[in-house]
Amino acid sequence: MIGALMLDIAGTELNQEDIELLQAPQVGGMILFGRNIESPQQVRALTDHMRQVRPDILIAVDQEGGRVQRLRQGFTLLPAMGRLGEHYLEHPQQTIELAEQCGWLMAIEVLAVGIDFSFAPVLDLNDISDVIGDRGFSKNIQDIIPLASAFMRGMKKAGMATTGKHFPGHGSVKADSHVAAAIDSRSYQEIYDNDMQSFIKLMPQLDALMPAHVIYDQVDPNPAGFSPFWLQQILRQEMKFEGVLFSDDLSMQAACVAGGADARIQAALNAGCDMGLVCNDRSAACHALDGIQTLALPNQQRLERMRGHIPNIQIGNTLSLDENWQNVRKVIEDFKNSF
């Protein structure tokens, strides 16, 4: 059974406390960060060990490309998606093919080392946000949609579920919600007409969504990830979204409005999230776990959709997959070398 808390570990292998936490019924996921990565072989040994302890655990990572790419040593370094958006203006058809190849390459490498999914793609506008920037494909919604669609097509071909972030849009908010309260004072109609369109148009390809830690104060007083209005009324009822809802990291500064870690995860789950993330703070993760011990487990059928098609292969210190992987990798390397 999959629990409602996703947390992390400090090192490159499990210690006794990690093993005990993994066995807690309300722990449902593990997310890996750069500090957990030494080589492809080590990552696969770590994820295999996690599954020996907890066979049903979901394992995730942020592997978007550009500056948000946790798997580096021994893996392909992908371009920032904003580079694809720039290239698309001059070479649309070629860039759509590149985006699909990027999605496939990212997913095939992540799956090879035993990780179920990457929290990708970013569907936010590449606009004024300090934290989004070139993580977004483009400043124009009409360019985001074909590129993100192609990227997700590649992910699904590799056997990975997709997660769009950060609903209903973080790109038009300057503040970085990791370190500050982020407030967007536009009307619902303006948000709907602009930032939300990429999520709406791409919803048939989305297996999961991650709401933004942004307060849209003309719409609702709560950050979107703590808001029944955004998650239940808009996403579930009006947009008929049936995929998984992951909270963004509940240790981020913008999430502190909800109180301590136990109150934050309760607020996220009560608002409609299926799983809450508490990262980079073990005491907060334990506090969050204590806060949800008596809650019912989340929707199992929904969360099972996030399980990746993990190949049964031996992994070395440097990734070396099949000929198709080699060919696609060369295409991406050539593209990166072109700018």
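**Close-up 1. What the buried residues of α2 pack against.** In this predicted model, the buried residues of α2 pack against α1 (16–22), β2, β3 and α4 (92–112). Who are these buried residues of α2? They are P40, Q42, V43, R44, L46, T47, M50, R51 and V53.

**Close-up 2. Strand β3, covered on both faces.** In a regular strand the side chains alternate between the two faces of the sheet. Here, β3 (residues 58–61) has L58 and A60 on one side and I59 and V61 on the other, and all of them are buried.

**Close-up 3. The neighbours of β3.** Strand β2 (residues 27–32) runs parallel to β3, with four bridges joining them; G29 has L58 as its bridge partner in β3. To get from β2 to β3, the chain goes through helix α2 (residues 40–53), making a right-handed β-α-β crossover. β3 also pairs with strand β6 (residues 117–118), again in the parallel sense, over two bridges, and there V61 sits opposite S118.

**Close-up 4. Strand β7 and its partner β9.** How many of the five residues of β7 (residues 163–167) are buried? Five of the five, so the strand is largely enclosed by the rest of the structure. β7 pairs with strand β9 (residues 208–211) in the parallel sense through four bridges, and K165 stands opposite M210 of β9.

Methods: Residues numbered from 1 in each chain as written. Predicted model: local features only at pLDDT ≥ 70, side-chain atom pairs only at ≥ 80, totals over all residues. Heavy atoms only, no water. Buried < 20%, exposed > 50% of the residue type's maximum accessible area, 1.4 Å probe, protein only. Pairing = 2+ DSSP bridges. Right-handed = clockwise from strand over helix to strand, strands pointing away. Contact = heavy atoms within 4.5 Å.
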